[in-house]
Amino acid sequence: MATKAVPAATTAASLPPATCSSLEDFVVTACPLTWNGITVYGTIDGGVTWLSHGAPFNGTSAVGAAYLVQKYSNRPQWSLAPNGLSNSNIGIKGKEPLAPGWDFIFDLQAGFDPYSLHLSNGPHSVTQNAGIPLTSQDAGADSSRAGQFYNSVGYLGVSSPYGTVTVFRQNSLTLDAVFAYDPMGASYAFSPIGWQGITCGVGNTEDCRFSTSVKYRVDINQFRVAALWQFGGYELNNAATGAYQLQVGGDIPHLAGGTLSLDAIGSYVQNAVSVALAGNTLPAVLPQVLTATLSNNTSVMLVGKYSNGPLKLFAGYEFIQYAPPSNPFAPGTGFSDIAGDFVCAACAAINNTNINNTAFSAGDKLFHVVWTGVKYSITDNLDLIGAYYHYDQPAFGAPVNCTNSSAFANCHGTFDAVSFVADWQFAKKFDAYAGIMFSQDNGGLANGFLSRNNIDPTVGLRFRF
């Protein structure tokens with residue numbers, strides 16, 4: 001039987017690498033673990049960090065270490081540094097042709113801590129610190145990763161010449177944009193918009209991913225359009241009762257020898273959940289109460305990237321508005337969060353939890369996030385990256401005396417971070433990195449903090465297959 005020659009456009013380097021045929025191939029080449037269109041893949045990322053104002057390592061949380069200054073950040077220490085550049089994960093994905101130009105696709109991925117081997121569970125890492133004095137807490141942090149076996153993604157769908165439709169657990173459009181337009185690629189150790197989910201989650205990190213959602217993407221020449229709808233509510237492992245996102249963007253090639261990419265995303269999330277510890281912080285030896293704050297969030301994100309050979313320039317801005325929730329909980333009622341931990345309105349005296357329905361009843365909270373950065377490839381294997389991030393929170397809610405603005409969380413506040421990283425890919429699947437981030441809160445954003453800044457020199461090794 002005669003066979004057709006491979007078209008010139010798909011020969012040599014343009015062909016995908018052959019699947020691994022031996023353990024040596026797996027370690028020293030870029031070969032994938034693929035069989036009949038199904039690929040097993042993953043990342044292991046670990047290192048060590050020194051924190052000028054830190055907290056003990058937490059093997060349950062997604063971030064693991066207190067790279068970013070937090071309320072509990074209080075003393076210098078060395079720490080294990082998991083997931084510095086990217087969340088360690090294991091996944092399986094596939095692509096099966098259905099007809100010419102049409103394919104069935106799926107992707108299932110779980111993030112984990114490379115030291116504890118626990119599935120990443122941000123909300124539960126916060127729950128573990130409930131009732132513990134601020135000075136004794138470890139590096140817990142809220143997250144959309146909540147211990148599920150699909151805590152990264154778990155979707156299936158169809159791709160065609162008319163676009164791609166996927167359903168179930170997937171990234172928000174804003175999270176996809178952070179991955180694409182953050183110069184640090186949503187790194188935990190070097191990017192505040194990676195460590196926190198304010199930006200990708202339309203104000204709340206738990207909404208960076210939706211467990212029951214439909215996403216549509218289509219590219220038309222240099223233009224692209226995307227939309228996402230989250231259906232179902234808390235009972236379906238979502239951190240909101242509904243969400244809507246729309247994205248438009250495109251690429252402008254041959255601009256001063258490079259390509260300019262631009263995207264705009266509008267979002268609305270109803271009854272969004274943010275889990276944190278609240279209560280008495282002065283003195284800091286008093287225990288904290290697990291609190292779920294509910295709000296209706298709206299945002300507009302504008303992002304851009306210019307690529308010209310080894311040089312890439314990045315910039316982004318997001319405006320976020322927090323408003324009172326549509327469906328507040330009555331005293332004595334509650335729900336289970338995405339980690340399965342129960343929170344209850346006005347029940348702190350019973351189970352050390354509370355639902356805050358009224359955080360924005362006296363006035364909406366506005367929030368501005370700005371970032372910029374540069375990435376330069378010294379060689380094909382060595383990248384240097386620098387970035388700057390800024391948050392601004394105008395005063396909101398009931399008037400208070402902001403002479404000492406950090407005395408009240410609703411006073412005007414700012415946050416700044418600057419970071420630098422060198423990333424060396426010394427083998428096909430391995431890279432080593434070293435970097436540093438300085439972060440600092442001021443004004444209302446520093447309310448209740450034991451320390452206002454942190455420095456985190458970090459080195460690590462990452463293996464991707």
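Q: Why is Gly-140 called buried?
A: Gly-140 has a relative accessible area of 9%. Buried means under 20%, exposed over 50%, and partly exposed in between (1.4 Å probe, protein chains only); Gly-140 is therefore buried. The model is predicted: local features need pLDDT of at least 70, side-chain atom pairs count only at pLDDT 80 or more, and totals for chains, interfaces and linings use all residues. Residues are numbered from 1 along each chain as its sequence is written, and side-chain values use heavy atoms, with hydrogens and water left out.

Q: Where is the place of Gly-140, and what is Gly-140 in contact with, leaving aside its neighbours within four places in sequence?
A: Gly-140 belongs to the loop between helix H2 (122-127) and strand S6 (153-160). Helices (H or I, at least four residues) and strands (E, at least two) are DSSP runs, numbered from the N terminus. With neighbours within four places in sequence left aside, Gly-140 is in contact (heavy atoms within 4.5 Å) with Asn-58, Ser-61, Tyr-72, Ser-125, Val-126 and Asn-129.

Q: What makes Ser-211 count as buried, and what does its side chain reach?
A: The relative accessible area of Ser-211 is 7%, so Ser-211 is buried. This residue is found in the loop between strand S8 (209-210) and strand S9 (213-220). Its side chain reaches the backbone oxygen of Asn-237 at 2.9 Å. Beyond its neighbours within four places in sequence, the contacts of Ser-211 include Tyr-150, Phe-168 and Arg-169.

Q: Is Tyr-162 buried or exposed?
A: Tyr-162 has 58% relative accessibility and therefore counts as exposed. Tyr-162 is found in the loop between S6 and strand S7 (163-171). Not counting residues up to four places away in sequence, Tyr-162 touches Trp-102, Tyr-216 and Val-218.

Q: What kind of pair do the rings of Phe-26 and Phe-465 form, and why?
A: The structure holds 19 aromatic pairs. In the pair of Phe-26 and Phe-465 the ring centres are 5.5 Å apart and the planes stand at 65 degrees, so the pair is edge-to-face. Rings of Phe, Tyr and Trp (its six-membered ring) pair if their centres lie within 6.5 Å; planes under 30 degrees apart count as stacked, over 60 as edge-to-face and the rest as tilted. The pair links distant parts of the chain, 439 residues apart: Phe-26 is in helix H1 (residues 23-28) and Phe-465 in the segment after strand S23 (458-464). Phe-26 is buried at 16% relative accessibility, whereas Phe-465 is partly exposed at 23%.

Q: How do you know that the pair of Phe-430 and Phe-463 is stacked?
A: The planes of Phe-430 and Phe-463 are 25 degrees apart and the centres 4.6 Å apart, and the pair is stacked. This pair also links distant parts of the chain, with Phe-430 in strand S21 (residues 430-443) and Phe-463 in strand S23, 33 residues apart. Phe-430 is partly exposed at 21%, and Phe-463 is buried at 14%. Phe-26, Trp-424, Phe-426, Phe-430, Phe-463 and Phe-465 form one aromatic cluster.

Q: What makes the charged end of Lys-365 sit over the ring of Tyr-322?
A: The charged end of Lys-365 is 4.9 Å from the centre of the Tyr-322 ring. A charge sits over a ring if NZ of Lys or CZ of Arg is within 6 Å of the ring centre and within 35 degrees of the ring normal. Lys-93 likewise lies over the face of Tyr-41, at 5.1 Å from the ring centre.

Q: Why is helix H3 called mostly covered?
A: In H3 (residues 173-181), 7 of the 9 residues are buried. Leu-173, Thr-174 and Tyr-181 are among them.

Q: How many residues are in the largest nonpolar core?
A: This core has 59 residues, of which Tyr-67, Trp-195, Phe-367 and Tyr-391 touch the most other members. A nonpolar core is a set of buried Ala, Val, Leu, Ile, Met, Phe, Trp, Tyr and Cys residues joined through side-chain atoms within 4.5 Å. H3 gives the most to this core, with 5 residues.

How values were computed. A polar contact is a pair of N or O atoms within 3.5 Å; within protein, one must be able to donate a hydrogen and the other to accept it, and residues adjacent in sequence count only if both atoms are side-chain atoms.
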